[in-house]
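Work through the exercises below with the sequence and the model at hand. Try each task before reading its solution.

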Amino acid sequence: MTLVERDGVALVEPTQEDVDYVRERYNGDFEPDDGERVHDLVKVQIHRLLVVDTATRDRLGLVSWHAVMYGPTVGCVAWNIGIGLLPSARGRGVGSLSQRLLVEHLFATTPYGRIEAGTDVENIAEQRALEKAGLLREGLIRGAHVRGGVRKDMVMYGVLRTDL
């Protein structure tokens, strides 16, 4: 089922086959190391949508989101979004458009007033994509994840419902 579509890109409900297809082909250049998982420490529900080229129906990647808490009330909840595009889909604006569509969809269908995304400080392409998607650079989070066995900084971006 297509949830949102514009300019040749659609976000659709993925099947497990879709998720497996993208995971098998995604090179994960800027993903944190697997390391020890904290599933027993923190239970986070991760939501996903498949990014699809509407002309060819090709699977281009996945967008995801999960709730983060900045306090104990609903007013303190934000969505943290992410994207994983297949290498063949990169460099043509799909990431920016997909993340913009996700932001619009989340603001239209949920009550939360903030959406944020973080990316590796070296991932300049994703920083540009987030800015084109309408998120504002908010700051640096030092040592936020481990990549290649090295603790790395991340850049945080955000958008408020009132920004749109």
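The exercises cover the sheet, its strands and some charged pairs.

This is a predicted model, where local features need pLDDT of at least 70, side-chain atom pairs count only at pLDDT 80 or more, and totals for chains, interfaces and linings use all residues. Residues are numbered from 1 along each chain as its sequence is written, and side-chain values use heavy atoms, without hydrogens or water.

**Exercise 1.** State the strand order of the open sheet and find its edges.

*Solution.* Strands are DSSP runs of E, at least two residues long, numbered from the N terminus. Two of them pair if DSSP finds at least two bridges between them. The order of the eight strands is S1-S2-S3-S4-S5-S6-S8-S7, with mixed pairing. Strand S1 (2-6) and strand S7 (136-147) are the edges; each pairs on one side only.

**Exercise 2.** Determine how S3 and S4 pair.

*Solution.* Take S3 (residues 47-53) and S4 (residues 59-69): they pair in the antiparallel sense over six bridges. Val-52 stands opposite Arg-59 in S4.

**Exercise 3.** Find the salt-bridge partner of Arg-59 and compare where the two residues sit.

*Solution.* A salt bridge needs a side-chain nitrogen of Lys or Arg within 4 Å of a carboxyl oxygen of Asp or Glu. Arg-59 meets Glu-17 at 3.9 Å, N to O. Glu-17 lies in helix H1 (residues 16-25; a helix is a DSSP run of H or I, at least four residues). Arg-59 is in strand S4, 42 residues apart from Glu-17. Glu-17 is exposed, at 56% relative accessible area. Arg-59 is partly exposed, at 21%. The cut-offs are under 20% for buried, over 50% for exposed and partly exposed in between (1.4 Å probe, protein chains only).
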